[in-house]
Every structure is written in C-alpha cells, then in structure tokens.
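Please walk me through this model, beginning with the contacts made to its ligands and then turning to its aromatic side chains.

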Amino acid sequence: MKNLYLYFSGTGNTKYVIGKFAELYERGSYYSLHSIEHREIDFSRIIGEAENIVLAYPIHDSMLPFIVKEFLESHIEDFKGKNLTTICTQLLFSGDGGALPFYILKEAGVKHLHSIHINMPSNLTDVNIFFNKPLSETARSYVKADRKIALAVDTIRSGGICRDGRKWFSRFSGFILQRTWGKAMMVKLRNSVKISSDCILCQKCVQICPVENLEIRENRVGQQGRCTLCYRCVNECPVRAISIFMKSKPKIQYSRKDYN
Ligand SMILES: Cc1cc2nc3c(=O)[nH]c(=O)nc-3n(C[C@H](O)[C@H](O)[C@H](O)COP(=O)(O)O)c2cc1C
Ligand code: SF4
Ligand code: SF4
C-alpha cells in the first residue's frame, strides 16, 4: 500500500521539507502528497485507505497551526490504528512540536513511528528580532535542512527511530516556555490581521488565504476571526500592508510561493 503524505504550509517551508523527505524516502516509488488546505479532497477516504501517514506542519509558538489542529480533531476516527510520522518545521525551537498530533490522536490508537524537527528560515517577518531574511539569502539554512532530512531518512531506513520533541524536557519546555502564556495570545491573534492605509485593494491576500479569513468589505479588507497565522498574506502583499503580531510594516518578506 502506498504511503500518504499530508501537510500544511504557510509560506512553503513545510512543503519543501515534506517533498524532499518523500522523494528521498520513496526512492521513485509512487506516493500521494496533499495539502490539507484543499477541502475538496475526501481526506476521510484517503486516510482510511493508508497504513502509513507522514504529517508535516510548521510550528506556531510551540503549537500546531489552528488549521492542523482542527483537521486532526475532525479526523480522529479516520486515523484509528494508523502508523504516523510527524515532521515539524521551525525557525529554532518547538519544544515538543513533533509530538503534538499524538496528544490529539492518542485515543485513536495511532502508532507514533518517528518525529522529526527541521529548522527552516523564519516567515514571522513582522517581528524584527527573528533575523528575517529574504529567500535569496537563505541558502545556508537549506543546506542544513537538506542534511537533516537525509539523516532522518537514513536513520529510518536503517531501522532507527527519530524522536525529536518526545523527551520529557521537550514536552516541559514546549508547555512552560510557550504554550502556558502563548496560547491565549495566539487565539487573540486569530482576529488581529492589521491592514495599513498602504493597501491598494489588489485582493491578493483574499485569494491566497488558506482559510478564507479575508474578504473585501466596503472598500477595505475585512477579516472573519479565523486566521490560522500562516503569514502567507504578510509575506505576499505587494505593498507590505499587512502585519499580524506587530504593527510594523515587514522590512523584508519571505515566501517560497509554493505552498499548496
Ligand atoms: C505565528 C508563527 C509562530 C511561530 N512560532 C515559532 C516557534 O515557536 N518556534 C520556531 O522555531 N519557529 C516559529 N515560527 C517559524 C515557523 O515555524 C517556520 O518559519 C516554519 O518553517 C514556517 O513554515 P511554512 O513556510 O511551511 O509555514 C513561527 C512562525 C509563525 C508564522
Ligand atoms: S494583498 Fe495587500 S494590497 Fe492587496 S488587498 Fe491585501 S492588503 Fe491590500
Ligand atoms: S489572514 Fe493571512 S495569515 Fe491569516 S490565515 Fe489568511 S493568509 Fe494566513
């Protein structure tokens, strides 16, 4: 039976990583790869048919992106008895990022095979302390990420287990350092997309939003309070009119522009 690869990617990092992983691991075998943002796909059916599933997502403040959390919560039954490998992309640190889906899927008896953390460039570009760089200056990060992906594939192929984010310290740090104080803030940010007066109403943000959070209302961009904080719109607005976490205009933008 072919392996199933599922992912969510805000600005393309996670799509890049799961694509590389699948290519190396499958060595030319047929596999299926889908972004969970495509709601027209019958995920219950394809998850039901799979035995081994690889799920990749970016970390958001040591939490699952809301879209991933909601996807898993609505497919708990479908995941019953499956083997799951997780890939969590992050800038630096995600605590127990690779273990998060298992807290939701525990009751489905999912077998946790591997969890892998891959560092990638930052897409949180309205927060200037995060050493943000445009895609053209991130080659070193990609070399390191490629190395870690290859190492993970070798480990798995040789019978080892990848356990990123599963030690007690990861769980403790993910919980204490970020989720305790960060969760309320993240929920609040779901309704905090800020559009500056630079907006030229081009509608790009409306078209690319994976959760249809944005819409044009009375000659301005309005929001519906269901932002998944993917930062796609922040990084793709042609006039940098969007910010979420901070009010400041992003100095640079980062997006691979290939995310779904
Ligand atoms: C809202 C938000 C929160 C983030 N929180 C963290 C974090 O807690 N730790 C970290 O290392 N990176 C964090 N990042 C960075 C992303 O996880 C990282 O850049 C990821 O590879 C983006 O993947 P994507 O392009 O597939 O969305 C955050 C990014 C965003 C947008
Ligand atoms: S992408 Fe930017 S300029 Fe275009 S509608 Fe959205 S906020 Fe306005
Ligand atoms: S509003 Fe922007 S950051 Fe929020 S989900 Fe839509 S594209 Fe992503």
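A polar side-chain atom of Thr 11 lies 2.5 Å from an oxygen atom of ligand 1, a polar contact in the sense of a pair of N or O atoms within 3.5 Å. On its own, ligand 1 has 650 Å² of accessible area, of which the protein covers 94% (Shrake-Rupley method, 1.4 Å probe).

The model is a predicted one, in which local features need pLDDT of at least 70 and side-chain atom pairs count only at pLDDT 80 or more, while totals for chains, interfaces and linings use all residues. Residues are numbered from 1 along each chain as its sequence is written, chains are lettered from A and ligands numbered from 1 in the order in which they are written, and side-chain values use heavy atoms, with hydrogens and water left out.

Around ligand 1 there are 24 residues, and Ser 9, Thr 11, Thr 14, Leu 92 and Phe 93 come nearest; a residue is counted if one of its heavy atoms lies within 4 Å. By class, this shell has ten nonpolar, 13 polar and one charged residues, where Ala, Val, Leu, Ile, Met, Phe, Trp, Tyr, Cys and Pro count as nonpolar, Asp, Glu, Lys and Arg as charged, and the others, Gly among them, as polar. Both α1 (13–26) and β4 (83–90) supply at least two residues of the shell, helices (H or I, at least four residues) and strands (E, at least two) being DSSP runs numbered from the N terminus.

Ligand 2 is surrounded by 13 residues, the closest being Cys 199, Cys 202, Gln 203, Cys 205 and Cys 237. The shell of ligand 2 has eleven nonpolar residues, one polar and one charged.

Turning to the aromatic rings, Tyr 5, Phe 21, Tyr 25 and Tyr 31 form one aromatic cluster; rings of Phe, Tyr and Trp (its six-membered ring) pair if their centres lie within 6.5 Å, with planes under 30 degrees apart counted as stacked, over 60 as edge-to-face and the rest as tilted.

Two arginines also meet rings, the charged end of Arg 232 sitting over Tyr 259 at 3.8 Å from the ring centre, and Arg 190 lying over the face of Phe 66 at 4.1 Å; the criterion is NZ of Lys or CZ of Arg within 6 Å of the ring centre and within 35 degrees of the ring normal.

Definitions and conventions:
Polar contact = N/O pair within 3.5 Å; in protein donor to acceptor, adjacent residues only side chain to side chain.
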